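Work through the exercises below with the coordinates loaded. Each task is followed by its solution.

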Amino acid sequence: MLRHYSLPVIFAGFITLLIVTTVYSVTVGPMSISFSDSVIALTTRSNELAPHIPLVVNDIRLPRTLLCLVVGAILAICGTVMQGLFRNPLAEPGIIGVSAGASLGGAIAIVCFSTLGTQFPELMNLAVVPIFAFLGGALTTVLVYKLGSGKFGTSVTIMLLAGVAISALAGAGIGFLNFVADDQMLRDLSLWSMGSLAGATWGKISLATLTLLVLLILFSKKAMALNALLLGESEALHLGIAVQRLKRQLILLTAVGVGVTVSVSGPIGFIGLIIPHLGRMLIGPDHRTLLPVSALLGALLMTAADMIARVVVAPAELPVGIVTAIVGAPFFLYLLFQQKGKIL
C-alpha cells in the first residue's frame, strides 16, 4: 500500500518510472540497437551513428511507444470510470462488449470505405474509423447499461451475459465482413482486429493525445460525483447529484475513449479491468487521485506489454492484444472467483 506516502511523492515516483520505461521501450525491438545508441538517436543528430539507427528509433519505435502510453492511459481511465459508474469491479469495456461494438463499427468503416482509405488514408484513420468505432461503442454501452440497470441497481449477471451476447454478435458481423472483404481489406482487418500498435503515426498519436487530455479534464470534473455515486444512486441524489445526467455524460465520454483507442490500435482488452484495481489497492477509491494514477499505470502496463510483444517471438511480432489477454484473463477469473457469491 502506498497510502501512507504523500500524493506528490507517489506521482513523482510513477512519473519517474514511466519516463524510464518509455526510454527503455525505444531501445527494444527485433533489431539490435544498444541503449546508448538509442538515447543518442533520440537526443542528438550525431553523424557517428549508422544511418538506419535514427530512422528506426525516431520514426518507428518512438511513435509506437508514445501511442502505447496514450492508448494505455485512455483505456485505464475509461475502465476506472466504468467501474465507478456500474459500481462493480468486473465492469470493463472489453468484458461487457463495448470494445466489441466499437470494433464492429471500425470494421464496417474499413470495409465500406476502403476506396476512401486508399485515396485519403489520414482522413480514414483520423475521422471515419474513429467516428464509426465511437458509434458502435456508444450504442453498445447504452444497451448494456439499459439491460443491466434496474430499480435495485446494476445486475452484474445480466451485464456480463449482455457482454457475451454483444461480443458474439459483433464477432459474427466482423466474420461476415472478413468473408466479403478483398485481400487488402482482409489483411487490414486481421491485423487491426488482434490489437496492434505497429501502425503508429503522428496523426494517430495527436488524435489519441487530444482525446486523453479532454477525457482527463472532463472525468476529473466528475470525480466527486463518481465518489458520491459509489455510495449508491439514492444517496447520490440526496447529495444533489443529477444521477441520470451524470450517467449519460460518462457513458458518452467512455464511448468516445474506447472508440478512439479501437480506431488507432484495434481492440485491446483487460487494461481497463486490471488498472483500476491496482490503483485502488495503491491509493484508495477516491476518483480525484485514482483517475490520474490509473492513467499513469495504464501507460506503464501497455508499454510493458508492447515491449513483450516485440521481443517474445522476434524477429516476428506478437499483437499486443494477445499479451494483455494472457495477463488479463487469469486476473478476470480471479475476480470472478472473488465475486461469485455476490453475482448469483
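**Exercise 1.** State the accessible surface of the chain and the share that belongs to carbon and sulfur atoms.

Solution. Apply the Shrake-Rupley method with a 1.4 Å probe. The accessible surface comes to about 15,900 Å². Carbon and sulfur atoms hold 70% of that surface.

The model is predicted: local features need pLDDT of at least 70 and side-chain atom pairs pLDDT 80 or more, while totals for chains, interfaces and linings use all residues. Residues are numbered from 1 along each chain as its sequence is written, and side-chain values use heavy atoms, leaving out hydrogens and water.

**Exercise 2.** Find what percentage of the 344 residues is buried.

Solution. Set the classes by relative accessible area: buried under 20%, exposed over 50%, partly exposed in between (1.4 Å probe, protein chains only). Buried residues then make up 49% of the chain.

**Exercise 3.** Among contacts with a separation of 6 or more, determine the share made by residues 24 or more positions apart.

Solution. Count a contact where heavy atoms lie within 4.5 Å. The share is 77%.

**Exercise 4.** Classify the ring pair F331 and Y334.

Solution. Pair rings of Phe, Tyr and Trp (its six-membered ring) with centres within 6.5 Å; planes under 30 degrees apart are stacked, over 60 edge-to-face, the rest tilted. The search of the whole structure finds two aromatic pairs. For F331 and Y334 the centres are 6.4 Å apart and the planes at 45°, so the pair is tilted. Next, take accessibility: F331 is partly exposed at 21%, and Y334 is partly exposed at 46%.
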